[in-house]
Amino acid sequence: MIAVIVGLSICSCGRDNDWDYDHSLENEFFFGPKEWGYESTKLGNNNVLTYSVIEGQTVAVPMHLWSEFVRSFNVETFYYTTPKPVDEKYYPTPEVNKNQVAYDGTVLTRGVDYEVVDANGNVLQPDSNGAFVMTWPNAKKGDQNIYIKALPGCKKGCFNLQTFDPASDVTLSNLDPESTYQSRTKQYSVRIFTQNYRVTIAIK
């Protein structure tokens, strides 16, 4: 028995070096909110996180790049702000009220009610496609914050901060892996999560 076990161990060790896999996956990255709904609220659902901010103040939303390799190139990811659809369910105060409600509130407008800013409070501008760009040097795994400032005189209400392009004609679905690609370049691709692609920003 000992001889058989030793023999199998030697054979299996020899075969380890012969294993093959899709090396293109080494340059496939995942991007989304760092906190997941279930982990943070224990509510049992995702896409339910709410970040609150009051007039004149700024809230930080942590984002994460899932990556296991360091590369010679940078990775760009994208995020968007968009009005919260009427009847979209969310938790208005998840730390207190654990019941979802359908949104029927005010439409908030970037530049009027809120701005996307950097860590120093400087206003950021989206690209021609309406996307804000977040760069990850050398494709390193890590965290970066998105900063949302509620402007003086802003209305109270909610909007979505999300990684899925609201102008896309694709339906994001966990049944369609192709729908989870946010971008593809010659060097890398970025995927998002169907159950962790948006958070609610509530101005109170």
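A: Helices (H or I, at least four residues) and strands (E, at least two) are DSSP runs, numbered from the N terminus. Two strands pair if DSSP finds at least two bridges between them. This is a predicted model, in which local features need pLDDT of at least 70 and side-chain atom pairs count only at pLDDT 80 or more, while totals for chains, interfaces and linings use all residues. Residues are numbered from 1 along each chain as its sequence is written, and side-chain values use heavy atoms, with hydrogens and water left out.

The hairpin links β11 to β12 through 4 residues. Its strands are β11, residues 181-184, and β12, residues 189-191, and they pair in the antiparallel sense over 3 bridges.

For scale, the protein chain has 2 helices and 13 strands.

Now go to one residue of the hairpin. Q182 sits in strand β11. It is buried, at 17% relative accessibility; buried means under 20% relative accessible area, exposed over 50%, and partly exposed in between (1.4 Å probe, protein chains only). Which backbone oxygen lies 2.8 Å from a polar atom of the side chain of Q182? That oxygen belongs to F78. The backbone oxygen of T163 also has a polar atom of the Q182 side chain 2.9 Å away. For comparison, a polar contact is a pair of N or O atoms within 3.5 Å; within protein, one must be able to donate a hydrogen and the other to accept it, and residues adjacent in sequence count only if both atoms are side-chain atoms. If residues up to four places away in sequence are not counted, Q182 touches F31, T77, F78, T163, V190, R191 and I192, where contact means heavy atoms within 4.5 Å.

Further along the sheet, β1 (residues 28-33) and β3 (residues 58-66) pair in the antiparallel sense over 4 bridges. In this pair, P33 faces M63 in β3. L65 is also found in β3, and L65 counts as buried because its relative accessibility is 0%. Between the C-alpha atoms of L65 and G32 there are 6.9 Å in space, although the two residues are 33 apart in sequence. Apart from neighbours within four places in sequence, L65 is in contact with several residues, including F29, F30, F31, T77 and W136.

Strand β3 also matters for the largest nonpolar core. A nonpolar core is a set of buried Ala, Val, Leu, Ile, Met, Phe, Trp, Tyr and Cys residues joined through side-chain atoms within 4.5 Å. This core has 30 residues, and V61, V75, I146, I148, I201 and I203 touch the most other members. Its largest share, 4 residues, comes from β3. In soluble globular proteins, nonpolar side chains tend to be buried together. Leaving out residues up to four places away in sequence, I146 touches V59, A60, V61, M63, Y79, V116, M134 and L161.

D113 lies in the loop between β6 (101-102) and β7. D113 is buried, with 1% relative accessible area, and its side chain makes a polar contact with the side chain of K155 at 2.9 Å. Beyond its neighbours within four places in sequence, the contacts of D113 include V107, L108, K149, C154, K155 and I203. T109 is placed in the loop between β6 and β7 as well, but T109 is partly exposed, at 36% relative accessibility.

Finally, two values set this part in the whole. Buried residues make up 41% of the 204 residues in the protein chain. Of the contacts between residues at least 6 apart in sequence, 75% join residues at least 24 apart.
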